[in-house]
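Here are some notes to read beside the model. They go from the whole chain to single residues.

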Amino acid sequence: KELEKKVRIAQAREKIDRILKSPDAPFDVETELQKVVSISPGLPPDSEEQITDDELGEIESQLYAAIDRQDFVEAQNVQKEISQMHIDDCGSIL
């Protein structure tokens, strides 16, 4: 039984590694902001793009929280939601 648990943990960690290494992987905002030299004025707060960006930020926070809790199933579900948002966003341009 202990071996099965270790195998499940290893498989879950492998999934998380794939999520974090994917092209649309979440990133550490605080670290990236330290690299910023200047900031553009940004989007109007009531624009559809800004609302979507805000929602995405909240969902990425959920992903980080799930990873911190080692709830890899939840992290995978949140990553699927992020991927679907990206697909919807690309589709709305067409």
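1. Burial. Buried residues account for 19% of the 94 residues in the chain; buried means under 20% relative accessible area, exposed over 50%, and partly exposed in between, with a 1.4 Å probe and protein chains only. This is a predicted model, in which local features need pLDDT of at least 70 and side-chain atom pairs count only at pLDDT 80 or more, while totals for chains, interfaces and linings use all residues. Residues are numbered from 1 along each chain as its sequence is written, and side-chain values use heavy atoms, with hydrogens and water left out.

2. The chain has four helices and zero strands, where helices (H or I, at least four residues) and strands (E, at least two) are DSSP runs numbered from the N terminus. Its radius of gyration is 16 Å, well over the 12 Å that the globule rule gives for 94 residues, so the chain is more spread out than a compact globule. That radius is taken over C-alpha atoms, and the rule is 2.2 Å times the number of residues to the power 0.38. The C-alpha trace spans about 55 × 35 × 20 Å along its principal axes.

3. A buried glutamine. Q79 sits in helix α4 (residues 72-93) and is buried, with a relative accessible area of 7%. Leaving aside residues up to four places away in sequence, Q79 touches I19, S22, D24, P26 and L63; contact means heavy atoms within 4.5 Å.

4. Nonpolar surface. F27, V29, L33, V36 and I39 make a nonpolar surface patch of about 480 Å². Patches are made of residues with over 30% relative accessible area and no salt bridge, joining like charges within 9 Å and nonpolar side chains (Val, Leu, Ile, Met, Phe, Trp, Tyr) within 5 Å. Areas come from the Shrake-Rupley method with a 1.4 Å probe; for residues, only the protein chains shown count as cover. V36 is in the loop between α2 (29-34) and α3 (48-68) and is partly exposed at 38%.

5. Salt bridges. The structure holds three, each a side-chain nitrogen of Lys or Arg within 4 Å of a carboxyl oxygen of Asp or Glu. E14 pairs with R18, the closest N and O atoms being 3.1 Å apart; both residues lie in helix α1 (residues 2-21), four residues apart, about one turn of the helix. K35 bridges to E32 at 3.3 Å, and K35 is exposed at 58% relative accessibility, whereas E32 is partly exposed at 33%. R69 and D71 form a salt bridge at 3.9 Å.
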